[in-house]
Amino acid sequence: MEATGRLTIDGTITANGGSVGHRAAGGSGGAVYLTCRELAGTNGSISAAGGSSSSIGGGGGGGRIAVSFNPAAQTLMPKPRIRFSAHRGTSEGYGDGDLGSLFFTDASVLDPDFLTHNGVLFTAGLTTWTADHLVFSNC
């Protein structure tokens, strides 16, 4: 998705892999690429999750989410409240898939009070990031 100005995500964007039943593996998560000047949102969700398998098949790997924006313009905006997830698919009988990846131009879109993403995080030039609290679950 490409926008020359502000891109507001207040809904859901998904590129999830399919979940399956017996004797099959879950599908890999897909890819979501967003490019804009500024990213905004108050209750959005972007997901590229791997699909799950109920038996005799592994979970699908998480997909990729990349968000490219203008860092100077973004710093003038409130932090968007968007959930990002590229989590792995699970499996009852075989191994779970691997986590997907999240890429951001910089960390200015990451709100520590709303950070519920799941995936490997990449940000260009990030050397330090602090949060008042950080919770890991289902690791």
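## Overall make-up

The model is predicted, and the protein in it has one helix and 11 strands. From the N terminus on, the order of elements is β-β-β-β-β-β-β-β-α-β-β-β. The protein has 139 residues, of which 42% are buried.

Contacts in the protein can be sorted by separation along the chain. Of those between residues at least 6 apart in sequence, 70% join residues at least 24 apart.

## The four-stranded sheet

Four strands form an open sheet in the order β4-β8-β10-β11, and their pairing is parallel. The edges are taken by β4 (31-35) and β11 (120-123). Each of these two has a single partner strand, so one side of each is left without a neighbour in the sheet. From one strand to the next, the twist averages 10 degrees.

The pairing of β4 with β8 (residues 64-68) is parallel and consists of five bridges. L34 takes part in this pairing, and its bridge partner in β8 is V67.

## V67 in strand β8

V67 is a residue of strand β8. Its relative accessibility is 0%, and V67 therefore counts as buried, the cut-off being under 20%. Apart from neighbours within four places in sequence, V67 is in contact with L34, L39, F84, F103, F104 and T105. L34 in this set is also the residue whose bridge partner is V67.

T105, another of these contacts, is 38 residues from V67 in sequence. The C-alpha atoms of V67 and T105 are 6.6 Å apart.

## G89 in a loop

Where does G89 lie? G89 is placed in the loop between β9 (82-85) and β10 (101-104). G89 is buried, with a relative accessible area of 0%.

Which residues does G89 contact, leaving aside its neighbours within four places in sequence? They are G50, G51, S52, G59, G60, D96 and G97. For G51, the C-alpha to C-alpha separation from G89 is 4.6 Å, although the two residues are 38 residues apart along the chain.

## Salt bridges

How many salt bridges does a search of the whole structure find? The search finds two. One of them joins R6 to E38, with 3.2 Å between the closest N and O atoms. R6 is in strand β1 (residues 6-8) and E38 is in strand β5 (residues 38-40), so this pair ties together parts that are 32 residues apart in sequence.

E38 also forms a salt bridge with R37, where the closest N and O atoms are 3.7 Å apart. Are E38 and R37 buried or partly exposed? E38 is buried, at a relative accessible area of 13%, whereas R37 is partly exposed, at 40%.

Technical notes
Residues numbered from 1 in each chain as written. Predicted model: local features only at pLDDT ≥ 70, side-chain atom pairs only at ≥ 80, totals over all residues. Heavy atoms only, no water. Salt bridge = Lys/Arg side-chain N within 4 Å of Asp/Glu carboxyl O. Buried < 20%, exposed > 50% of the residue type's maximum accessible area, 1.4 Å probe, protein only. Contact = heavy atoms within 4.5 Å. Pairing = 2+ DSSP bridges. Axes fitted to C-alpha atoms, helices over the stretch in contact; angles between N-to-C directions.
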